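Subject: Structure handover

Hello,

Please find the structure below. My notes come after it.

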Amino acid sequence: MKKWFLLVMLMGGVAMINHAATITSTATGGNWGTASTWAGGVIPKTTDDVVIANGATVTIDGNYTCINLTVGQGSSGLLQTDGKNRTVLVNGTLLVNTGATFNLSRVLLTVAGNTTIYGTLKDDNNNGNASFSGLFTIAATGSFSTSNTS
């Protein structure tokens, strides 16, 4: 009986370790790779869900991976790059909420799950690149734009 209990406890512990945390930016934001950008001072790991808070501007300053990525919480929020070539891999879903903007400028974006745009997804300097594996939906309030003229 004790061995069975120990086995159940160990399995439960493993399940808790593998469960994704939701990491939300502060209201002001900052660089993705800086602890002060995130509520609680925790930089998102590859196994986390990431939320860019309303009012925040988060700058992609490295190459990052997450499970799900949400830009904005319904009224604002901006995800942008630092002007250098960067890679963002979303292993789950991408959601850009109403009033929020994700500027792909110089980002290689890969989304393995579904993408829903209620806000704005844009590439304002023709250097972004995106790959969407799941369903790609632009809502009536959403927009996708690029400066690509070719």
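The notes run from the whole chain to single sites.

This is a predicted model, in which local features need pLDDT of at least 70 and side-chain atom pairs count only at pLDDT 80 or more, while totals for chains, interfaces and linings use all residues. Residues are numbered from 1 along each chain as its sequence is written, and side-chain values use heavy atoms, with hydrogens and water left out.

Overall chain

The protein chain has one helix and 16 strands; helices (H or I, at least four residues) and strands (E, at least two) are DSSP runs, numbered from the N terminus. Of its 150 residues, 34% are buried. Buried means under 20% relative accessible area, exposed means over 50%, and partly exposed lies in between (1.4 Å probe, protein chains only). The chain exposes about 7900 Å², with carbon and sulfur atoms supplying 58% of that area; accessible areas come from the Shrake-Rupley method with a 1.4 Å probe, and for residues only the protein chains shown count as cover. Taking contacts (heavy atoms within 4.5 Å) between residues at least 6 apart in sequence, 33% join residues at least 24 apart.

Salt bridges

There are two salt bridges, a salt bridge being a side-chain nitrogen of Lys or Arg within 4 Å of a carboxyl oxygen of Asp or Glu. Side chains of opposite charge can pair when their charged atoms come close. One of the bridges joins the side chains of D82 and R86 at 2.5 Å, N to O. D82 is partly exposed at 30% relative accessible area, whereas R86 is buried at 16%.

The other joins K45 and D48, at 4.0 Å, N to O. K45 is partly exposed, with 48% relative accessibility, and D48 is buried, with a relative accessible area of 1%.

D48 and its surroundings

D48 sits in the loop between β2 (29–31) and β3 (49–52). A polar atom of the D48 side chain also lies 2.8 Å from the backbone nitrogen of K45. Leaving aside residues up to four places away in sequence, D48 touches A20, A21, I23, C66, I67 and N68.

Aromatic residues

The whole structure contains four aromatic pairs. Rings of Phe, Tyr and Trp (its six-membered ring) pair if their centres lie within 6.5 Å; planes under 30 degrees apart count as stacked, over 60 as edge-to-face and the rest as tilted. F136 and F144 form an edge-to-face pair, 6.4 Å centre to centre with 85 degrees between the planes. Both are partly exposed: F136 has a relative accessible area of 31% and F144 one of 42%. F136 lies in strand β15 (residues 136–138).

Elsewhere, W32, W38 and Y64 form one aromatic cluster.

A backbone point

Which residue other than glycine has a positive phi near 70 degrees? That residue is R106, found in the loop between β10 (101–103) and β11 (107–111). Most residues other than glycine have a negative phi. R106 is partly exposed, with a relative accessible area of 25%.

Regards

Note on methods: A polar contact is a pair of N or O atoms within 3.5 Å; within protein, one must be able to donate a hydrogen and the other to accept it, and residues adjacent in sequence count only if both atoms are side-chain atoms.
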